[in-house]
Amino acid sequence: MSATPQAPAKASFKFPFWAQIVAGLALGVLFGWIARSYDVSWLGTTLEKTGDLFIQLLKLAIAPLVFFAILVSITNLRKVNNAARLASRTLLWFMITSLIAVGIGIALGLLTDPGSGTGLTAADGKDPKRTGSWIDFLTGIVPTDIVTPFTELKVLQIVFLAVVAGIAALQLGAKAKPVLDLAESALELLQKALWWVIRLAPIGTVGLIGTAIATYGWDLIGKYATFTADIYIGCALVMFGVYPLLLATVAKVSPLQFFKGAWPAIQLAFVSRSSVGTMPVTQKVTERLGVPKEYASFAVPFGATTKMDGCAAIYPALAAIFIAQIFDVQLGIKEYLLIVFVSVIGSAATAGLTGATVMLTLTLSTLGLPLAGVGLLLAIDPILDMMRTATNVAGQAVVPVIVAAREGILDKEAYASASGSPLDEPVPAPESVAIAA
C-alpha cells in the first residue's frame, strides 16, 4: 500500500469563532429590536424556534454526557498521583470561591437595596412550577430507578449513579476494563457530537438574544435595573477581580494569560447558559492552560455540575434580599448566615442546567421567604442567566488551574502559550490510502 500525497492546503480567510459569536449577538439584538418595534410576528417566532432548537440540541447530550464524564473522570484519577489529595483540594477551593462570591452578593444587596423603588408588589409574584427544599434535595439525590434520571434529566441523580459506578469500577480493577473502554468510547462519541452542536452557537446566539429582546425589550430591565446591575457587577467582580487575584497570589500565574486561554469557554457559556453544554470546551481550554488531562477530566465535569459561583452564590444572595424587600420581610444576621450556608453546601442543586430556579427556591424555603417571589424574577431570568453561567464556567476553569499550580503539576509552558479558541483549530484530515494494484 502507498499513501496518496496530499494536496497543499489553500490559504483562506478564517473567521474566528469569537467573532462569529459577537456577530450573532449583534444580529440577535438587531432582529429582536425589529421584531418588537415593528411587531414582526414571524421574525419573533423564527428567533424563538432557532434559540429553542439550539438549547434542545445541547440538552439532548446532557444526560449521557454527565454520566460518562463523571464515570470516566473518577476512574481517571487512578492515573494521577495523590488522587485523593487532588480531589479534596478541588472541593475545598470550590467552597472557598463560593464563600467569597456569596459574600460579594450579600454586600452588594445591602449596599444597593435592589428591591426598593421597583414598583413591584407581593401581588406581582407567583409560585414557581419547580421548587426545592432540603428534604427534596437530600431525598432527590438517590433515584427510584435507573431510567427516570435520564428521561427526566435529573442531573443530580445522574451524578449519583455515575459516582457509584465509578467507585465500583475502581474496586473491580481489571474486571471493569471492558466497561471502562466502552464508557471512554461513548464519552468521545458524545463530545464529538456535542462539538458539532457547539459550532452552531453563533446561529443559536441570534435566536436566544433575539428572543430575549423581542419578548422583554428594554422596558422590563428598567423595573429591575438595580437588581440586574447588581448581578452583572457581582459576577464581574468575581470573574475579573477575585479570580485574577487568586491566580496571581495563590497560583502565581498570569491572570491575563488565563483569560486568553479560557475565554472561548466563558464566551460560549454566556450564550448557551449551560455549564454542562459548555463542558467539552471548558475541559479543552483547561487542558490547554497546562492542567494535566487526567486531573482536568475529573475537576471540570464535577465543576460543571456542582461549581456555580454565579447561579448558586451571587444570584440567590441578591435575589433573597430583593424578594425580602418586595415582601417587606426583615433579614437578620441569622438569615444572612443561612444564605451563605445554602450557597456553599447546596450549589449542587443547580446541576449545571439553564436557569437557577431550584437553587433559588431552596434558598427561599430555608429562609422562610415566600416562594411566590420567584415569579417576580422569571421574566428577567434569561438576561441574568447569561452572566451567571459565564461566571460559573470561569470558576470551573480557575479552580483546576489553582490546584494544579499549588500541587506542582501545572505545565507552565503550556499555560504561557495558551490562546485562541479550540474551535478554530483545523480538524485533521484522515489520511487517504491507495491500494497498489
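The model is predicted; local features require a pLDDT of at least 70 and side-chain atom pairs count only at pLDDT 80 or more, whereas totals for chains, interfaces and linings use all residues. Residues are numbered from 1 along each chain as its sequence is written, and side-chain values use heavy atoms, with hydrogens and water left out.

The chain averages a pLDDT of 82, and 83% of the residues score at least 70; pLDDT is the predictor's confidence in each residue, from 0 to 100. Helices (H or I, at least four residues) and strands (E, at least two) are DSSP runs, numbered from the N terminus. Over residues 7-13 pLDDT stays under 50, and the model has zero contacts there beyond four places in sequence. Over residues 429-437 pLDDT likewise stays under 50, with eleven such contacts. A contact means heavy atoms within 4.5 Å.

The axes of helix α11 (residues 255-272) and helix α18 (residues 381-406) come within 8 Å and cross at roughly 145°. Axes are lines fitted to C-alpha atoms, for helices over the stretch in contact, and angles run from 0 to 180 degrees between N-to-C directions. Residues in this contact include Phe258, Ala265 and Phe270 of α11 and Met386, Ala390 and Val393 of α18. Ala265, located in helix α11, is buried, with a relative accessible area of 1% (buried means under 20% relative accessible area, exposed over 50%, partly exposed in between, with a 1.4 Å probe and protein chains only). The C-alpha atoms of Ala265 and Val393 are separated by 7.0 Å, although these residues lie 128 residues apart along the chain. Beyond four places in sequence, Ala265 touches Thr278, Val281, Thr282, Val285 and Val393.

The structure holds nine aromatic pairs. The ring centres of Phe258 and Phe259 are 5.3 Å apart and the planes stand at 80°, so this pair is edge-to-face. Rings of Phe, Tyr and Trp (its six-membered ring) pair if their centres lie within 6.5 Å; planes under 30 degrees apart count as stacked, over 60 as edge-to-face and the rest as tilted. Both Phe258 and Phe259 are buried. One aromatic cluster is formed by Tyr224, Phe227, Tyr315 and Phe322. By contrast with the buried phenylalanines, Trp196 is exposed, with a relative accessible area of 57%.
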